[in-house]
Amino acid sequence: MKIGVVSDTHGSVLGWEKAWEILKNTDIIIHCGDLFNHGPGNPIPEKYSPRELLNIFNNLNIPLLISKGNCDSEVDQAFLNIPLAFPFLFYQINDLRILISHGHIFKKDEWIEIGKKWKIDILISGHTHIPVIEKVENITILNPGSPSIPKEKTPTCAKINLDEKLITIFDLSDFSEIKKEYL
């Protein structure tokens, strides 16, 4: 099974189209939030079209799980036919426990403590627009970065391959693998 992971699309159809090249070959997609709005602290991303991106999400043929971000609103939920989970989205497949939150509520040490308490294998968040894979004790922490407004100038998303027990972050400029971590 393959799980696609993306965050912080911020209304960019171009960012989503780049991420889709990786995500279209997955069984399920996790979105860590900030779907449509760019927010006042971010530039307007390239090919910004929240309505078009909404239509894409509403018509995906792959299940999409979404954690509500700080730029997501009740109005977004009114038009989106997928529930926005807040403050957590919990997903379990077989014995693997995954906890997702956008990333704007908990400090890193709090996030790790929640992971320990709930016996989580993978903690996933977005918000920072910076891709991260790291191990803290028995927990893997993943941030897929952003395909639309990357803070390190490299648009990114991630894939979790459960068969290979491997998490990979992809550079969407050339679809190369830039970070890997085994579960």
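Serine 101 touches Ser67, Pro87, Phe88, Phe106, Trp111, Ile124, Ser125 and Gly126, leaving out residues up to four places away in sequence; contact here means heavy atoms within 4.5 Å. This is a predicted model, in which local features need pLDDT of at least 70 and side-chain atom pairs count only at pLDDT 80 or more, while totals for chains, interfaces and linings use all residues. Residues are numbered from 1 along each chain as its sequence is written, and side-chain values use heavy atoms, with hydrogens and water left out.

Helices (H or I, at least four residues) and strands (E, at least two) are DSSP runs, numbered from the N terminus. Serine 101 counts as buried because its relative accessibility is 3%, and the cut-off for buried is under 20% relative accessible area (1.4 Å probe, protein chains only).

Let's move on to the sheet. Five strands form an open, mixed sheet in the order β5-β6-β7-β9-β8. β5 (89-93) and β8 (131-136) stand at its edges with a single partner strand each, so one side of each has no neighbour in the sheet. On average, neighbouring strands of this sheet are turned by 15° against each other, direction ignored. Two strands count as paired if DSSP finds at least two bridges between them. Strands β7 (residues 122-124) and β9 (residues 139-144) pair in the parallel sense over three bridges, and leucine 123 has isoleucine 141 in β9 as its bridge partner. α4 lies across β6, β7, β8 and β9, running at about 130° to β9; such angles run from 0 to 180 degrees between N-to-C directions, with axes fitted to C-alpha atoms, for helices over the stretch in contact.

Now for the helix α1 (residues 13-23), where Val13, Gly15, Trp16, Ala19, Ile22 and Leu23 are buried. Seen down the axis of α1, these residues fall within an arc of 160°, so they line one face of the helix; the arc is that of the directions from the helix axis to the C-beta atoms. They pack against β1 (2-6), β2 (28-31), α2 (50-58), β10 (156-161) and β11 (166-171).

That brings us to the cores. A nonpolar core is a set of buried Ala, Val, Leu, Ile, Met, Phe, Trp, Tyr and Cys residues joined through side-chain atoms within 4.5 Å. The largest has 22 residues, and Trp16, Ile29, Phe57 and Leu80 have the most contacts inside it. Its largest share, five residues, comes from α1.

How values were computed: Buried < 20%, exposed > 50% of the residue type's maximum accessible area, 1.4 Å probe, protein only.
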